[in-house]
Amino acid sequence: MSPFAPDSTVASHRSLHRSLGVLAVLGLLHMRGEWRDTLAVWGYGRSVGEAARPWWLLDGATLAAMLFALGIAWRASGLAMGVLMAMAYVVAPVTYHNNLYLLALLVMLTALFARHEGSPWQRGDGERAVSGVYERLVQWQLAIAYVGSVLVKATHPLWQGTGGVIRWLAVVRVPETRGGMLNAWLSPLLAHHGIAAALDVVVEVGEVAIPVMLASPRWRRMGLVAGVVLHGFLQAWLHPQLFTFLMLWGYFAYVPAGDRAWTLTWNVRSPLQRRLAAWWPRIDWRARIALREGDASALDDGRGGRWQGFGAWVMAAVLSPVSLLAVATLCLLAPTITRVGPWSRDGVEQVMLGALAVISAATLVQRTLVWERSPDPRTAL
Amino acid sequence: MELQQCTRIPRVRIRARCDTVASVDASSRATVAALVWLAVQFAVPALRLDPTQRPPFSPRFSWSMFAGRPLATCSHELRWITRDGAPTTLPLPPHGHAARRVLSARTPDEFRRVVPLLSAYADDDRAMISSLDDLLRRYRATVDPHGAHTLASTLDCRTARGEVLRRTLRLEAR
């Protein structure tokens, strides 16, 4: 098939643009908090104007990100955001961060290749076919990020299956920089050379395997699960923050949109479900779900897969980038707030992510019990 | 009837040919754009790979969160010396300013905690040292614009691979 075939939909382009715009704004606001002290040190002894310059550039980039999120008519602001971030980096090298580099690349890619007219927030017209070049480039971008990361690790003496970096993270870095509970039991575990070395290999093999699995329709579902587990674990332990959400955002470029292939049946006797069903079209940014009235909650994937009860709603939510943005907001917003009442913010995040993982796992188990395998496992998700 | 068919066929062909040309043009543009895209995204990492580059391009490939050399364990000695050669109290930045935490850090534990303030993304040891030197020069110019004192900084580091690194910076009194 030609890489320029019209095998994508407006709903796909629109939802990717919309969710990336929100992530860009969240990410830049997050960095403002993260860099407060770093830029205070950088600005010490400089004139007021010079010390304020990186802040102005970051403010400009944040404003550009907001405009980019508004509509495709503002696509030039996506390019402006990238340029302003590059300028901030040249003015104050301490502002360089891989997360922002990846963000700038993805925003510029969206500004250049997304093919939908008007605002990404408007509705209707989602099923219209458009070129799939944009999604393919996002897929390549993710693959480059994964493979590039492995290439660097493979040439580094403290990776290469030694577990050196992992031990250092568990024993030195994380206890000093982060709160939370996860490292308290991970640290003694990963202090063992053998375990750290094994995890080193697992991470490197995983980072190669995930883009390969995602590229294959047969293995895609497993690749998505493996990627979510990897990034969820890294987020809970090391808090890569924006990087986690950008990579998971990219996974939406691997699945279709605008197909209404899934059917969510909701219980007409439940007032809560009636309200949820009324709201669902606003949450279903990728137009994947057709709603149907019934006497119990259930989600059918159109090829034999079926989730029931609470799991149906969880799985339906996973199909929308709104869920990703909700977790991203929890983790990225107001980074200067490090405590929530008597608890550390990291601990609260870990408990919430853990609860999400348990619910998802329970949903998967339930699904496995009732799922009948499709005759053709290569069918798109 | 036959005449109509004869006139229709060339028209259809012409239209088909035109459509194909337009499609090739769009494909070529997209291919060129994709190639430029690849070149742009590798330009910065390539520049950062060069160890001879001065900041802002530090010698680290961009596509890796944790592949950089873990920062060395360092202790920092900072001395403020009068023209007579007598050590005196360091005039630190005001309380609450992040630069005060950096300049007060002495032991390896204290110094490791302030390293992210010198190099937010913890590029590598060299980037951190370069950032510290830069801060010390600005600090000296701020608190002692006439250069009445000597500022002597000694950083003793041991990298995670066991390499010993000693860097000294001495800004002499004028």
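This is a predicted model: local features need pLDDT of at least 70, side-chain atom pairs count only at pLDDT 80 or more; totals for chains, interfaces and linings use all residues.
Biologist: Start with chain B. What is the strand order in the open sheet of four strands?

Modeller: The order is β2-β1-β3-β4 in chain B, and the pairing is antiparallel.

Biologist: Which strands stand at the edges?

Modeller: β2 (87-88) and β4 (164-171) of chain B do. Each has a single partner strand, so one side of each is left without a neighbour in the sheet.

Biologist: How many bridges join β3 to β4 there?

Modeller: Eight bridges join β3(B), residues 150-158, to β4(B). Asp156(B) stands opposite Arg166(B) in β4(B).

Biologist: Which helix lies across β1 and β3 of chain B?

Modeller: Helix α3(B), residues 108-118, runs at about 95° to β1(B).

Biologist: Now salt bridges. How many are there over all chains?

Modeller: The count is 19. In one of them, Asp133(B) pairs with Arg167(B), with the closest N and O atoms 2.6 Å apart. That pair links distant parts of the chain: Asp133(B) is in helix α4(B), residues 125-143, and Arg167(B) is in strand β4(B), 34 residues apart.

Biologist: Is Asp133(B) buried or exposed?

Modeller: Asp133(B) is buried, at 14% relative accessible area. Arg167(B) also counts as buried, at 9%.

Biologist: What about Arg138(B), what does that form a salt bridge with?

Modeller: Its partner is Asp134(B), with the closest N and O atoms 3.4 Å apart. Arg138(B) counts as buried at 11%, while Asp134(B) is partly exposed at 31%.

Biologist: Over to chain A, then. How many residues of β3(A) are buried?

Modeller: Five of the six residues in β3(A), 262-267, are buried. This strand pairs in the parallel sense with β4(A), residues 289-294, over six bridges. Trp262(A) has Ile289(A) as its bridge partner in β4(A).

Biologist: Which residue forms a salt bridge with Asp259(A)?

Modeller: Arg288(A) does, with the closest N and O atoms 2.8 Å apart. Asp259(A) is in the loop between α11 and β3 of chain A, and Arg288(A) is in the loop between α12 and β4 of chain A. Asp259(A) is partly exposed at 32%, whereas Arg288(A) is buried at 2%.

Biologist: Last one. Which residues make the nonpolar surface patch of about 300 Å²?

Modeller: Trp185(A), Leu189(A) and Ile195(A) make that patch. Trp185(A) is in helix α8(A), residues 182-190, and is exposed at 53% relative accessible area.

Methods:
Residues are numbered from 1 along each chain as its sequence is written. Chains are lettered from A and ligands numbered from 1 in the order in which they are written. Side-chain values use heavy atoms; hydrogens and water are left out. Patches are made of residues with over 30% relative accessible area and no salt bridge: like charges are joined within 9 Å, nonpolar side chains (Val, Leu, Ile, Met, Phe, Trp, Tyr) within 5 Å. Accessible areas come from the Shrake-Rupley method with a 1.4 Å probe; for residues, only the protein chains shown count as cover. A salt bridge is a side-chain nitrogen of Lys or Arg within 4 Å of a carboxyl oxygen of Asp or Glu. Helices (H or I, at least four residues) and strands (E, at least two) are DSSP runs, numbered from the N terminus. Buried means under 20% relative accessible area, exposed over 50%, partly exposed in between (1.4 Å probe, protein chains only). Two strands pair if DSSP finds at least two bridges between them. Contact means heavy atoms within 4.5 Å. Axes are lines fitted to C-alpha atoms, for helices over the stretch in contact, and angles run from 0 to 180 degrees between N-to-C directions.
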